[in-house]
Amino acid sequence: MSEPDTHRALVRLEADGEADAEEFDLLARRLRAELGGLDVDLLPVPGELPAGAKAADPVTIGSLMVAFSAAGGVFPGLVETLREWLGRQGGKHKIKVTIDGDTVELERATSAERQQLIEAFVHRHG
């Protein structure tokens with residue numbers, strides 16, 4: 001995406017404390033695959049290991065830079081996809097989404113709490 005109305009969001013997965021490195025890697029790959037189905041570009045995060053590397057900082061592996069068009073409602077769809085993905089996971093994982101220094105933390109909460117938080121964040125950046 002090289003359009004002038006392209007935005008970037010840093011999406012960072014934080015697995016619950018009971019997840020080991022292998023489970024975290026699997027979660028990060030699932031999240032990346034899920035986001036790959038959207039109309040967004042997934043960009044490498046500085047410091048991320050190349051494919052096939054054996055060891056890394058888990059924060060780096062669980063971080064994705066997502067580029068998306070400001071037009072067409074892509075951002076609300078991205079946030080909804082993240083919310084739904086979290087809801088299908090078994091642990092108490094979190095996803096932090098940061099745009100222009102503004103961060104929202106998505107985690108298991110009541111539907112009403114999540115919806116309120118998401119709507120406010122999307123309103124600021126959508």
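1. A word on terms before we look at side chains: buried stands for under 20% relative accessible area, exposed for over 50%, and partly exposed for what falls in between (1.4 Å probe, protein chains only). By that scale, Arg-88 is partly exposed, with a relative accessible area of 49%.

2. Please keep in mind that this is a predicted model, where local features need pLDDT of at least 70 and side-chain atom pairs count only at pLDDT 80 or more, while totals for chains, interfaces and linings use all residues. Residues are numbered from 1 along each chain as its sequence is written, and side-chain values use heavy atoms, with hydrogens and water left out.

3. On to the charged pairs. A salt bridge here is a side-chain nitrogen of Lys or Arg within 4 Å of a carboxyl oxygen of Asp or Glu, and the count by this rule comes to 7.

4. Arg-88 has a partner in Glu-34: their side chains form a salt bridge at 2.7 Å, N to O. This pair links distant parts of the chain, since Arg-88 sits in helix α3 (residues 74-88) and Glu-34 in helix α1, 54 residues apart. Helices are DSSP runs of H or I with at least four residues, strands are E runs of at least two, and both are numbered from the N terminus. Glu-34 counts as partly exposed, at 28% relative accessibility.

5. Lys-96 and Glu-14 make another salt bridge, with their closest N and O atoms 3.4 Å apart. Because Lys-96 lies in strand β4 (residues 94-99) and Glu-14 in strand β1, the pair ties together parts that are 82 residues apart in sequence. Glu-14 is partly exposed, with a relative accessible area of 24%.

6. Strand β4 also holds Lys-94, whose side chain meets that of Glu-105 in a salt bridge (3.6 Å, N to O). Glu-105 belongs to strand β5 (residues 102-107), and the two residues are 11 apart. Both are partly exposed: Lys-94 has a relative accessible area of 27%, and Glu-105 is at 28%. Through shared partners, salt bridges join Arg-12, Glu-14, Lys-94, Lys-96 and Glu-105 into one network.

7. Glu-18 is in the loop between β1 (6-14) and α1 (21-36), and Glu-18 is exposed, with a relative accessible area of 76%.
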